[in-house]
Amino acid sequence: MDETEFWQLVDATREAAEGDPEEQADLLVERLVQLDPVSVLDFARHFESRYNRAYRWDLWGAAWVLLDGVSDDAFDFFRCWLIGQGRDVFEGAMHDPDTLAELLDDFDEEIDGDGEELGYAADEAYEQLTGAVAPALGIPAAAAEPEGTPLDFENEPVVAERYPKLWERFRED
């Protein structure tokens, strides 16, 4: 599975799930089990490499604004959700996290921003196909700390200045 096929699968399942990340994860598993185990592992590598790439302070700050605060675990789930939004949203956020204010049509804090189940879809599909736990993917491990410069998320004026578009759309009353 190449990068284009990876994103096509992400997009197709998101559209079919009408943006619901849990439904999207279920659909991903259904589609992945139709593939061979090697392709499922390829999907997992694409997903994991993007997940690791998104381990950045600036994205954490964007998640903080969108979700009104984000723990370590919640940021992990946000990164899965971000991948599930498709290539355009993911790459746009990687280029400039503040553009999420423009890239996201609708955002429901109750269901959006948490794609935990998306992170397990390839593992679940692999196990269904083979009866075994997925092997190590052979990609570099995630960094111990997020990339970039930490930001004091509790300092609202600093966060508002760093993410003006997100702040205006999601935080100002």
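Predicted model: local features only at pLDDT ≥ 70, side-chain atom pairs only at ≥ 80, totals over all residues.
User: Thanks! Which residue forms a salt bridge with Arg-53?

Analyst: Here is the general idea: side chains of opposite charge can pair when their charged atoms come close. In this structure, Arg-53 pairs with Glu-91, and their closest N and O atoms are 2.8 Å apart. This pair links distant parts of the chain, with Glu-91 in helix α6 and Arg-53 in helix α3, 38 residues apart. Glu-91 is partly exposed, at 26% relative accessibility.

User: How many residues apart are Asp-42 and Arg-45 in helix α3?

Analyst: They are 3 residues apart, which means about one helical turn separates Asp-42 from Arg-45. The two form a salt bridge, with 3.0 Å between the closest N and O atoms.

User: How many salt bridges does the structure hold?

Analyst: There are 11 salt bridges. Glu-3, Arg-50 and Arg-87 are linked in a network of them.

User: And which residues gather in the patch of negative charge on the surface?

Analyst: Among them are Glu-18, Asp-20, Glu-22 and Asp-114. Helices α2 and α8 each give two or more residues to this patch, and the largest share, 4 residues, comes from α2. Glu-18 sits in the loop between α1 and α2. With a relative accessible area of 74%, Glu-18 is exposed.

Definitions and conventions:
Residues numbered from 1 in each chain as written. Heavy atoms only, no water. Patch = residues over 30% accessible without salt bridge, like charges linked within 9 Å, V, L, I, M, F, W, Y side chains within 5 Å. Areas by Shrake-Rupley, 256 points an atom, 1.4 Å probe, with all protein chains shown as cover. Salt bridge = Lys/Arg side-chain N within 4 Å of Asp/Glu carboxyl O. Lys, Arg positive; Asp, Glu negative; His and termini not counted. Charge placed at Lys NZ, Arg CZ, Asp CG, Glu CD. Buried < 20%, exposed > 50% of the residue type's maximum accessible area, 1.4 Å probe, protein only.
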